[in-house]
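Please keep the structure open beside the text while you read.

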Amino acid sequence: MKSTTIAAISTAQGESGIGVIRVSGDEAIEICDRVFKAVSGKKLSEMKGYSAAFGHIYKENEAIDECVATVFRNPKSYTGEDVVELSCHGGIYITRETLRAVLEQGASPAQAGEFTKRAFLNGKLDLTEAEAVIDIISAKSKNAARAALYAKDGALWKRTEAIKNKLVTTAAHLSAWVDYPEEDIEEVTEESLRRVFSESIEELDRLLKTYDAGQTVKEGIDTVIAGKPNTGKSTLMNLLAGHDRSIVTDIPGTTRDIIVETVLVGGIMLRLSDTAGIRDTGDAVEKIGVELAKNRLENCGLVLAVFDDSKPLDENDLSLLEKLDAENTIAIINKTDLESKLDSSPIENKLNDVIRISAKNGDGYTELEKAVARLAGTENFNPSEGILANERQRTAVINAKQSLQNALDALNMGLTFDAAEVDLENAIESVCELTGERVSEVVVGNVFHNFCVGK
Ligand code: GDP
């Protein structure tokens, strides 16, 4: 059966040096031959894969732009089909006109993610690798991009494949032994089954643990900078942001609003709020800020609680300290460049992560980076080992683990091996769902729905 030929603008729509219109399908080369004329006179259909020609794009017999056409031949292309990439100038009008010319010649507009979906359906990528394509495109930090690139190269696939192979070998052996008792097949012992189930559960558990760190790297952490007025919250925020974002003054209480800014600290994206100081205040406008601030303290992923080293702790500091939770707080003793008048023992008694910095001159910043990575759980983050990148993958792993747990329970209850065999099959099914080897149309549709058109 012939596949329909699809086309879309694959580059961002705006003004740029070049814009690429990608065409994929059985008739891609034929269709492009009707809109593109090479200066050399050579037809695209006469060209080998991985070759390019310079020429012009024509629409209604009129040249609309210069163009370089690159030909990729099935199966050696992104989608696994014949693909032509038309690189014209990157203006909104020109790229749209070129796309229209291609559509008029018989291509259909590509749906979101359809190129990558075809790559998946043609076996060029497994589902985790396809999902990594979205993550590469949407990565906002080096760590997030690295993690996605490893996934695109099959880091998670390899890890799941190892688990799957072990389970499939065991299932095959078990089924042969149960179904063909008259054959001379090595006995399956309860002990060997137990070992495979437990080891696989442990490996799935290790995989599950990568999820949180992966999400943190990908999505960042909601972070609140808290502290009474004048401790240096705005100055700290400016240090983190690397420019003058908040207004820094000597008058207490100028930072009224919650300002959201995204900064990278130790490779982790922090979505920062610079809050009004936590304290009792008569000022109506400030009060709103203070209430908001308290609320955010309880609901955010990370609190950077700022104390002033040049002054003794007062009741405002202690009141803030009371509201903090060691689980999500880094105490920052600021202004270490001044003479120290602060007794930090109440802070150290309550919180585990206490670091000393001078927000003004940047001393102690490295310690802050380390503390953030420690608290975010990304200290030993190693995406090359394969990490879970989304909820779909996580659910598949949880299901596989549950099935193996059921298999173990069946053995514990003294049931026959047939019962464990069913659970084992279910576990394999879930692992295959993770990689997309066995997955429903609905799930596949869902995955690619999140893509942009042209990818
Ligand atoms: P906020 O009210 O907590 O946001 O505090 P600001 O960031 O506005 O800082 C209050 C005052 O403390 C300003 O004059 C800052 O220049 C000063 N300040 C902030 N951090 C430091 C620091 O590390 N060392 C010194 N010497 N002064 C600082």
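1. In this predicted model, helix H7 is the element that gives the most to the lining of the second largest pocket, contributing 4 residues. The lining of this pocket includes Arg206, Lys209, Thr210 and Ala213, and among its other members are Arg159, Gly377, Asn380 and Phe381. Asn382, Glu385, Gly386 and Ile387 also belong to the lining of the second largest pocket.

2. The space in the second largest pocket comes to about 230 Å³. Sorted by class, the residues that line this pocket are 3 nonpolar, 5 polar and 4 charged.

3. Rolling a probe the size of a water molecule over the atoms is a way to show where empty space is left. For cavities of 30 Å³ or more, the count is 1, and the volume of the largest cavity is about 110 Å³.

4. Which elements give two or more residues to the lining of the largest cavity? They are helix H4 (127-138), helix H5 (142-152) and helix H7 (190-219), and of the contributions to this lining that of H5 is the most, at 4 residues.

5. Among the residues around the largest cavity you can find Ala144, Ala147, Ala148 and Ala151, together with Ala132, Asp135, Gly214, Val217 and Lys218; Ile387 and Ala389 line the largest cavity as well. By class, this lining holds 8 nonpolar residues, 1 polar residue and 2 charged residues.

Definitions and conventions:
Residues numbered from 1 in each chain as written. Predicted model: local features only at pLDDT ≥ 70, side-chain atom pairs only at ≥ 80, totals over all residues. Heavy atoms only, no water. 1 Å grid on protein atoms, 1.4 Å probe; cavity = no way out; pocket = protein on both sides within 12 Å on 5 of 7 lines; lining within 4 Å. Points joined across faces, edges and corners; volume = space filled by probe spheres on them. Nonpolar A, V, L, I, M, F, W, Y, C, P; charged D, E, K, R; others polar.
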